[in-house]
Amino acid sequence: MSVSNAEKKAPSRPLPKLNELDTGEFWQATANKEFRYQQCANCGTIMWYPRAHCTGCVDGDLRWKVSAGKGTIYSFSVVRLSYHPFFRTKVPYAVAYVDLDEGPRFLTNVTGIDDPLTDVHVGQCVELAWEEHDELCIPLVRPA
Amino acid sequence: MAGQSRDAAIVGIHEYPSRDVEGRVNALQIKAASAAKALADAGLTWSDVDAIYDAGEGGTMSGLMISEYFGIKPTVMDTTGVGGSSYEFHAAHALRAIREGKAKVALLTYGSTAHSNAMAIGAGGRGGGISPGDNMETFAGQTLIANYAMVAQRHMYQYGTTSEQLAEISTATRFHAMRNPEAVQAMTDLDFVDIQETTIEDVVNSRMIADPLHLLECCMVSDGGGAVVIASADVAADCKKSPVWILGTGEATKYPKNGADITTSAGAQSAPIAFAEAGVSPAEMDIAMIYDSFSITVLALLEDLGFCAKGEGGAWVEGGRLRFDRPNDGPALNTDGGGLSSNHPGMRGIFLLLEATRQLRGESTSQVADARLAIAHGNGGMLGARHSAASVILGRD
């Protein structure tokens, strides 16, 4: 597939680092469209963001689990002004804190809507919508 | 106020007047110029300083760098850097160092050329850091403003707060700014349109930046800086100006947590500690210098500091009660014009101490008659995510 010069130069979404020591394993799993989170087998704490240590106890035993991918919007904003080279081309767009049913609250964008100004609500039920990239996928959400 | 300790006082202040230095001076020069004037305000000089407090403009060895730059030889050094709240932390730490007898004269300084550098504090990207938190969030393009906006959105959802109520914060601070010549000059230099008092309608009809926050609910991006000198009681007794005592302090942090309520900030933890140490209550405050990065910051903090119950801030601020000319309605808010209408070079906390001191000295351009007690509450970081907060209760003789 040929790619035009304009497309080559188009700024892209900033992507996470796959080798970041606390969160890299999460991102590596997104290649398979798995949203992983940790729960401590010792104290039950559900971790977010992922870390190498448990914040609930000092002898933690963190185990990876996979979310079913359903949740609700805790809060959101529609960004109208951004100076970032990629995001300035995307305004207006919705950023949201999403509470997954399993507990983790993560920051993401809402996709799969006609108009972010009218189609996003606190308490709205959403599901994961993966945006594909070369070595990983980005966990966006869309109305469920 | 039995048992209230008066161990350390603000004895010297200076606010750097320009908000647009046009590249003529840098941040370190602003710090030094402000420090010299603040020391002179107290009747002290460089060699009197034995404790230095610095939020890191000079880099990772800022405490050493700034000591050499100022030409001082401190025996107490503190480089706590927690954004806009750094200076309230510094005041708290200076009180302790002086109370312990480890220091007699503490110097706090701030300088920034955020405007000249065209540093996009609010609407820029979140930087390319690789902290684990950043690595989970940068992809979403959340601007700083959008993070605060999510607090406002949730506050509206939980408590029915309205944009008109949030706008009260903006109109009160602009009302004060129009009485402060330096704030008026700042708005002029930064090319504000309509440099005048604002109405609720002006605010809610201004351009939306990140729903539900409008342009006039967002702080400016300016240059600026200042300095504060804090001294022991014996030194304060010989200073030129009346002492403004540090009566109590509290510090706290908050960060994202599954299931947490983002409408409540770290201030809910730091303020009770400060009020308890000072032996006073929120209702006794004449002045509330509350970090106004955005309208929602003040609304949430008024609740967290105990001026009203959580969720009732919207109704509480209605009717212009935060203005300096309504002394019977509770504290006057940000009587210098605040970050919304006077200055915001990135870390505004020092200006909260400066204006609180001016009020307790009787030197404000929106002076509350016989002001005796003030709170300066700094919030640094992101209100809806990770932030630090410190509360400082100040009083005069």
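Helices (H or I, at least four residues) and strands (E, at least two) are DSSP runs, numbered from the N terminus. The model is predicted: local features need pLDDT of at least 70, side-chain atom pairs count only at pLDDT 80 or more, and totals for chains, interfaces and linings use all residues. Residues are numbered from 1 along each chain as its sequence is written, and chains are lettered from A and ligands numbered from 1 in the order in which they are written.

Chain A has two helices and eight strands. From the N terminus, its elements follow the order α-α-β-β-β-β-β-β-β-β. Along the principal axes, its C-alpha atoms fill a box of roughly 50 × 35 × 25 Å. Of the 144 residues in chain A, 34% are buried (20 or more other C-beta atoms within 10 Å of the residue's own, with C-beta atoms placed from the backbone).

Chain B meets chain A through 29 residues, in contact with 37 residues of chain A. Contact requires C-beta atoms, placed from the backbone, to lie within 7 Å. On the chain B side, α4 (132–137), α5 (144–159) and β5 (208–210) each give two or more residues. The largest share, six residues, comes from α5(B).

Helix α3 (residues 86–99) of chain B has 14 residues. It reaches 20 Å from first C-alpha to last, close to the 20 Å expected at 1.5 Å a residue (1.5 Å times one less than the number of residues). Twelve of the 14 residues of α3(B) are buried, so the helix is largely enclosed by the rest of the structure. Among them are B:Tyr87, B:Phe89 and B:Leu95. B:Gly101 follows α3(B) and has a positive phi, near 85 degrees.

How values were computed:
Contact = placed C-beta atoms within 7 Å.
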